Amino acid sequence: MKILVTGGAGFIGTNFIRMMVLNHREHKIINLDKLTYAGNTDNLSDLVDYPNYSFYVGDICQPDHVEPVITGVDAVVHFAAESHVDRSIQDAAPFVITNIFGTQLLLDFAREARVSRFIYVSSDQIGGSLLPGIYLRENSPASPNNPYAASKAASEHLVYAAYHIHQFPSIVARLSSCYGPYQYPEKLIPLVIANALEFKPLPVYGDGLHVRDWLFADDACKAIYQLLLKGRIGQIYNVGARMEKTNLEVIKRILKLLDRPEKLITFVTDRPGHDRRYAVDPGKIERELSWRPQTEFEEGLRKTIDWYLRNIEWLADTRSSSYREYYESLYSSRFAVEPTKPEF
Ligand code: NAD
Ligand code: TYD
């Protein structure tokens with residue numbers, strides 16, 4: 001297959017492209033990425049001479065960037081997005097533009113190019129905050145609570161509409177919280193690793209008892225590949241690891257693995273509208289495709305930490321001046337206020 005991957009220079013896109021180019025050489029991968037702050041060409045620089053890989057810098061919101069690369073492709077795997085909740089709270093407009101408008105434009109061109117599969121990579125956040133014991137099913141209503149989640153829910157609906165109206169061969173892969181190599185250090189796990197390595201305070205929002213279902217990026221990419229080969233069109237598939245952890249549990253495990261003291265944990269002002277718990281029911285993909293995550297959380301964390309330790313320069317480069325500006329703009333006021341300490 002000739003596969004167009006959007007957002008391939010970001011975290012999950014990089015993991016997916018590396019898996020495909022290195023382990024599935026029968027396919028040809030075309031990567032279209034705008035290279036926002038989250039995209040990094042270093043991630044894939046060792047692949048540039050592979051005959052089954054090509055890279056184009058371009059914006060999914062620009063017709064003249066999309067049309068030339070989508071013509072003649074068999075399938076699209078659409079990762080490109082603005083992906084960070086805190087940034088969406090600071091400024092929602094880029095999320096509406098890329099995640100909603102960009103997705104619609106891509107759908108239009110993909111339909112015109114008569115692709116035979118279109119995988120839209122969505123998020124468990126579209127379901128909003130769930131009470132303990134409740135799991136997001138494929139047919140649960142969308143109930144997003146922040147601009148990022150709202151933009152992902154809107155684009156899921158647009159992807160479905162293309163199928164419903166035009167029988168467009170789309171599939172939604174709805175992932176839970178991913179972690180692993182190449183994740184930009186604005187997200188919890190790489191941020192904690194980076195700060196802990198330097199003995200810097202680890203900002204924990206609110207009481208730290210918010211729950212996420214952690215999925216190792218490799219496992220997410222294998223699920224996406226299975227969906228590309230065998231998923232049913234017009235369907236949504238939840239992809240989760242049944243690995244629910246509170247943020248404090250995650251942080252304490254990282255500290256143990258890095259041999260850093262728990263006193264680095266610093267409770268800061270909560271994220272406004274912070275969702276308490278996300279959890280998907282991944283039963284459908286388990287039943288239909290026999291997909292299972294293969295990486296235990298402890299093993300995934302070890303591999304992730306090991307990768308960051310082996311790629312200290314990558315980490316330093318990503319934490320450049322623009323990262324420091326972002327960090328300052330988000331965290332200085334949060335650290336400044338003395339939040340209420342939770343009881344353990
Ligand atoms: P990321 O922020 O690391 O990477 C996004 C990539 O998209 C970057 O390389 C960026 O340059 C590119 N991009 C942004 N706007 C673009 C545009 N207009 N045109 C072309 N490229 C553009 O994101 P990620 O964590 O790898 O997430 C990938 C996808 O998976 C996103 O759609 C996200 O919503 C979804 N998702 C992520 C998670 C997670 O835990 N990371 C969980 C569920 C779903
Ligand atoms: P994040 O990695 O931003 O992903 P998401 O918002 O998609 O879940 O955050 C994961 C959890 O960690 C979330 O509950 C917010 C919390 N968090 C902190 O406590 N401190 C931080 O500095 C960050 C970035 C996140």
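I began with the class make-up of the shell around ligand 2, which has six nonpolar, five polar and four charged residues. For these classes I took Ala, Val, Leu, Ile, Met, Phe, Trp, Tyr, Cys and Pro as nonpolar, Asp, Glu, Lys and Arg as charged, and the others, Gly among them, as polar. I noted that this is a predicted model, in which local features need pLDDT of at least 70 and side-chain atom pairs count only at pLDDT 80 or more, while totals for chains, interfaces and linings use all residues. I also noted that residues are numbered from 1 along each chain as its sequence is written, that chains are lettered from A and ligands numbered from 1 in the order in which they are written, and that side-chain values use heavy atoms, with hydrogens and water left out.

**Ligand 2**

I then asked which residues come nearest to ligand 2. Of the 15 residues around ligand 2, these are Gln125, Arg212, Arg271, His274 and Tyr331, where a residue counts as near if one of its heavy atoms lies within 4 Å.

Next I looked up polar contacts, meaning pairs of N or O atoms within 3.5 Å; within protein, one atom must be able to donate a hydrogen and the other to accept it, and residues adjacent in sequence count only if both atoms are side-chain atoms. Tyr205 places a backbone N or O atom 2.9 Å from an oxygen atom of ligand 2. For Arg212 I found a polar side-chain atom 2.6 Å from an oxygen atom of ligand 2, and for His274 a side-chain N or O atom 2.7 Å from an oxygen atom of ligand 2. Ligand 2 exposes 510 Å² when taken alone, and the protein buries 95% of that; such accessible areas come from the Shrake-Rupley method with a 1.4 Å probe, and for residues only the protein chains shown count as cover.

Strand 8 (residues 202-205) gives the most to the shell around ligand 2, namely three residues; helices (H or I, at least four residues) and strands (E, at least two) are DSSP runs numbered from the N terminus.

**Ligand 1**

Around ligand 1 I found 28 residues, of which Ile12, Asp33, Ser83, Tyr148 and Lys152 are the closest. By class, this shell has 13 nonpolar, 11 polar and four charged residues. A polar backbone atom of Thr36 is 3.0 Å from an oxygen atom of ligand 1, and a backbone N or O atom of Phe79 lies 2.8 Å from an oxygen atom of ligand 1. The side chain of Tyr148 has an N or O atom 2.6 Å from an oxygen atom of ligand 1. On its own ligand 1 has 830 Å² of accessible area, of which the protein covers 96%. The elements that give two or more residues to this shell are helix 1 (11-23), strand 5 (117-123), helix 5 (147-166) and strand 7 (177-179), and the largest share, three residues, comes from strand 5.

**Strand 9**

I asked how many residues of strand 9 (residues 211-216) are buried, where buried means under 20% relative accessible area, exposed over 50%, and partly exposed in between (1.4 Å probe, protein chains only). Six of the six are buried, so strand 9 is largely enclosed by the rest of the structure. Val211, Asp213 and Leu215 point one way from the strand, and Arg212, Trp214 and Phe216 the other way.

Two strands pair if DSSP finds at least two bridges between them. Strand 9 pairs with strand 7 in the parallel sense over three bridges, and Phe216 is the bridge partner of Tyr179. Strand 11 (residues 244-246) runs antiparallel to strand 9 and is joined to it by three bridges, with Thr246 as the bridge partner of Val211.

**Single residues**

Asn15 has its place in helix 1 and is buried at a relative accessible area of 9%; a polar atom of its side chain lies 3.1 Å from the backbone oxygen of Pro181. Asn43, in the loop between strand 2 (28-33) and strand 3 (53-57), is buried at 2%, and a polar contact of 2.7 Å joins its side chain to that of Trp314. Ser177, in strand 7, counts as buried at 15% relative accessibility.
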